[in-house]
Amino acid sequence: MKVVLFCGGYGLRMRNGTSDDVPKPMAMVGPRPLIWHVMRYYAYFGHTEFILCLGYGAHHIKDFFLNYEETTSNDFVLRGGRTELLSTDIADWTITFAQTGIESPIGERLRRVRHHLDGDEMFLANYADVLTDAPLPEMIDRFALRDAGASMMVVPPQSSFHCVELGEDGLVGGITAVSELPLWENGGYFVLRQEVFDHIPENGDLVADGCSQLAKQGRLMAHRHRGFWKPTDTVKERAALDEAYARGDRPWAVWEQGGASANAGVRTA
């Protein structure tokens, strides 16, 4: 299945300064940017056709892949001045780079790459800045068996704050951690059918318009995931993932836990 990645937003909370024009999906976690980790996740499950919805800072993403160094994250042998790769990351990937506008909302970005989907009944979509260990095949299989227009992964609230129950007299009747409330957040991993385009107007949003309309019709599924899920909306969250990577705590790196990749083998760079 094709994977649409939304990677054209400003990512203001990830900026290091006013002159920093690197889009959020290019923030580094270990030796590679966020978008690479997300793509490796999908590729591990056999989904290697990517459509990148570019916008702000698009040249950073293009340059990264045009000048990709396999030796950064793969073992290799240097023999006679030639590099022989023992495994590869992206050799079997197909990546479409599509400029979808600087100010475009997510839904409009999706509309602008519809023709790249070749009319496929089902496809995947992602914000390109959230890491997880969710069972993608299960998510897809459950959706394929249901008559629904879209499925979104949902996760428990991540806030560390507490909700306070107040009486009219101002006395507190109870305190509950947000994470313990019977609520779910949008986790950013979508399985979609072409039907979703019927509900996204020009300059509309994928969730507020497309998914909301499907929900009203009883045609939106949710895949609940209580495992690892981490957003990277802030510099602090990105730094935490980078530190976890450095100490080998990488639950999102399913390709490392699953043994040798399917495309492993000696290749000459």
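Student: Which residues of helix α2 (residues 58–66) are buried?
Tutor: First off, this is a predicted model, so local features need pLDDT of at least 70 and side-chain atom pairs count only at pLDDT 80 or more, while totals for chains, interfaces and linings use all residues. Residues are numbered from 1 along each chain as its sequence is written, and side-chain values use heavy atoms, with hydrogens and water left out. Helices (H or I, at least four residues) and strands (E, at least two) are DSSP runs numbered from the N terminus, and buried means under 20% relative accessible area, exposed over 50%, partly exposed in between, with a 1.4 Å probe and protein chains only. By that cut-off, the buried residues of α2 are A58, I61, F64 and F65.

Student: How wide is the arc that they cover around the axis of α2?
Tutor: The arc is taken from the directions between the helix axis and the C-beta atoms. These residues sit on the same side of α2, because their arc is only 130°.

Student: Which strands stand at the edges of the seven-strand sheet?
Tutor: Strands count as paired if DSSP finds at least two bridges between them. The open sheet is mixed and goes in the order β7-β4-β1-β8-β13-β10-β14. Two of the strands have a single partner each, so one side of each is left without a neighbour in the sheet: β7 and β14.

Student: At what angle to β13 does α5 run?
Tutor: Axes are lines fitted to C-alpha atoms, for helices over the stretch in contact, and angles run from 0 to 180 degrees between N-to-C directions. Contact means heavy atoms within 4.5 Å. Helix α4 (residues 136–144) runs at about 55° to β13. For α5, which lies across β1, β10, β13 and β14, the angle to β13 is about 70°.

Student: Is D118 buried or exposed?
Tutor: D118 is in the loop between α3 (106–112) and β8 (122–126), and its phi is positive, near 55°, though it's not a glycine. Most residues other than glycine have a negative phi. Because its relative accessibility is 58%, D118 counts as exposed.
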